[in-house]
Amino acid sequence: MSASVVGVSRDSRHRFSKPAVESIRVVAGHGVEGDAHAGATVQHLHPKRLHPARPNLRQVHLIQAELHDELRELGYDVEPGELGENITTRGVDLLGLPRGTRLRIGSEAVLELTGLRSPCQQINKFRPGLLKQVIHTEPDGTVVRKTGVMSVVLTGGVIHPDDAILIEQPDGPHAPLEVV
């Protein structure tokens, strides 16, 4: 199966879920045009209060649709954008990619993965009990976070559902994604 975009979402306000739209425009060094998390410096509310000049490594949030499928099997109805992601993908193991992986989406856009998204308690307000389904600790102590990856925009462009995704892993040793 080839990797592709299932849905795109944005919201001009800081809310948990983002409404699905027909397309999004990503802007280099900025993020999704018209989205509350777009900007060269951190826009996530809590970190913005603490370190307002810190670079924004969370310009675009991606989640794989396979997580939505898994959650539906557990009784949680989740649609693209409802977990706060800008881009919902299918056919790519986002969580297994190394930091610095580039995703070429559609004919123009290039995103670079910066890290993992760490879910917070707001997810339980969206669907009670959902947090324990998307984050857990393995017997060896490894914490598994399933709520997607964060990225920055290297090359801008318009992204639509059904756009193809080309994956380019970085040269040299691969560093795993960590929470940003």
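## A histidine and its neighbours

A polar contact is a pair of N or O atoms within 3.5 Å; within protein, one must be able to donate a hydrogen and the other to accept it, and residues adjacent in sequence count only if both atoms are side-chain atoms. Here, the side chains of His 37 and Lys 18 form such a contact, at 3.3 Å.

## About the model

This is a predicted model, where local features need pLDDT of at least 70, side-chain atom pairs count only at pLDDT 80 or more, and totals for chains, interfaces and linings use all residues. Residues are numbered from 1 along each chain as its sequence is written, and side-chain values use heavy atoms, with hydrogens and water left out.

## Around His 37

His 37 is buried, with a relative accessible area of 18% (buried means under 20%, exposed over 50%, partly exposed in between, with a 1.4 Å probe and protein chains only). Beyond its neighbours within four places in sequence, His 37 is in contact with residues including His 14, Gln 43 and Arg 58 (heavy atoms within 4.5 Å).

## Salt bridges

Side chains of opposite charge can pair when their charged atoms come close. With a salt bridge taken as a side-chain nitrogen of Lys or Arg within 4 Å of a carboxyl oxygen of Asp or Glu, the count is 10.

Lys 18 also meets Asp 35 in a salt bridge, 2.9 Å from N to O, and both residues are buried. Another bridge joins Arg 15 and Asp 11 at 2.7 Å; Arg 15 is partly exposed at 41%, whereas Asp 11 is buried at 5%.
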